[in-house]
Amino acid sequence: MQHAVLRPASRRWRLMASGTAVALLWLGAVGAATAASASVRHPAQPAGFNTNGDILIADQLNNRVIENNRQHHVVWQFGNGSNVPGPDSIVGTNDAERVGALTLISGTGTPPGADPSCPQKARCPDNRVILVNEAGHIVWQYGMAGVTGAGFDQLNTPVQATYLPNGHILITDQVNERVIEVNRAHHIVWQYGKTGVVGAKFDELSNPNSAQLLENGHILIADENNNRVIEVTRSHHIVWHYGSPKGTELSGAAFASRLDNGDTLITDSHNNRILIVTHDKKVVFDYATNHRHGSMAMPLPTRAVMLRNGNILISDQFNDQVIEINQFKQIVFSQGHIQVDGDDFNQLNAPYDAKVIGDYTGLTPPFGFED
C-alpha cells in the first residue's frame, strides 16, 4: 500500500486552548465567581495547567481526566477514582477536551465487569457531560449523576462531547442511539438517530461513538456497530459514508474526524488500526497498534487525532498507552507503559481519549478562531 505523507493541519483555524474566546462564553453564563475560582491550584499539583503541548487524557478505568506534560508529570486532574459519580468524581471517562480554561468531560460509566469494585455483574453508571474549571468545580452539567434515561436532561452512556462555536454541546449518547445538540438550558435543539432505536435505515444508528461538526454544517458520525462513518446533513440525509453494516471496510468505527485536506481519519477499533481515507474512499495511510512490540492481540484503540505537526495521537486503550506517531509510523512519544494497568507515575488504565492542549479541539475549520 502506498502511504501518504501526512500534511500538518492548518494553523489558521485551530483554537488555541490557552485563548479566552470560548472560555468567556461560558464564564459569562456561570458568573464571576467561576472566573475567580479558576485561578486556584491544588498544592500537590506542579505548575503548568493548560500549557500548550501538554496532553489531556481520559483515563477511563482510573475514573479520572489528567493533564500530563511531556515529562509524564500530572499537572492537573479531575476525578478522585471513585466509581460513584459526584461533584469530585467522574466514572468511566471516555472523552475530554479543553475549552479555554475549562474542561469538557464525558462521564460514560463503566460496563459490567470492567471495574471489580462495582457490584457483581453490574455496571457503574455516570451519564453526565460536565464542564469543570481548574479548581475542579463543575460549572455546567447535562445529565443526572447515576441516572440512566432518555428524558429531559438525561443520558444513557454519553461517550463523547464537543463544544460548538455557538456555545452548544454536541453529545454522542450511545445507548440511546442518538447524537444530540443541547444548549446551556438543557434543551435538545437537534438530534440524529431515533431515541432507543437500533438500525441502519434513515435517521438510525447503532451504538454511535463520536460526532464532529464540519465546516459545511454537516455532522460526521462514527456509527460503531454499523461499521461505518457517515456524514449527515441537518435534515438527516447521508451525503458521504465509509464502511457499511454488511461490509468489511471497518469493524467497530470508534472515532472519525475530517482533516484539513478533506480526508477522513478513522479509528477502526476492532481491526486494531487507524486509517486515513480520501473522499473517494481510497485508503492512503494505516497503522496497526497490535503489530508493535509488547502489544496484546486486541488492544482496541479508541481515538486517533491528527496534530498540527502532522503526527497522530492514538489512544491505544487496552495496551494502556497513549502514543504519538509520525508520518513514518515511528512512535515519537508515549504515555503509560504497554500492558501495565496503574495510576502511579507514567501509568494509565484503558485510556480512551487523548488530545494535545492548544492543538486538537474537535472543531472543523474555520469558525473564526485564529492563532
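**Pocket, sheet and a buried cysteine**

Lining the largest pocket are 24 residues, and those nearest its centre are Q60, N94, P111, Q174 and Y352. A pocket here is an open set of points on a 1 Å grid over the protein atoms alone, with protein on both sides within 12 Å along at least five of seven lines, and lining residues have an atom within 4 Å of a point. The model is a predicted one, where local features need pLDDT of at least 70 and side-chain atom pairs pLDDT 80 or more, while totals for chains, interfaces and linings use all residues. Residues are numbered from 1 along each chain as its sequence is written.

Over in strand β6 (residues 124-132) sits C124. C124 is tucked away as a buried residue, at 5% relative accessible area (buried means under 20%, with a 1.4 Å probe and protein chains only). Leaving aside residues up to four places away in sequence, C124 touches N83, V91, G109, T110 and C118, contact being heavy atoms within 4.5 Å. Between the C-alpha atoms of C124 and G113, which are 11 residues apart along the chain, the separation is 9.6 Å.

Further along, four strands form an open sheet in the order β20-β21-β22-β23, paired antiparallel; two strands pair if DSSP finds at least two bridges between them. Its edge strands, β20 (303-306) and β23 (331-335), each pair on one side only. Four bridges link β20 to β21 (residues 312-316), and M306 has I312 in β21 as its bridge partner.

How values were computed: Heavy atoms only, no water. Helix = DSSP H or I, 4+ residues; strand = E, 2+ residues; numbered from the N terminus. Buried < 20%, exposed > 50% of the residue type's maximum accessible area, 1.4 Å probe, protein only. 1 Å grid on protein atoms, 1.4 Å probe; cavity = no way out; pocket = protein on both sides within 12 Å on 5 of 7 lines; lining within 4 Å.
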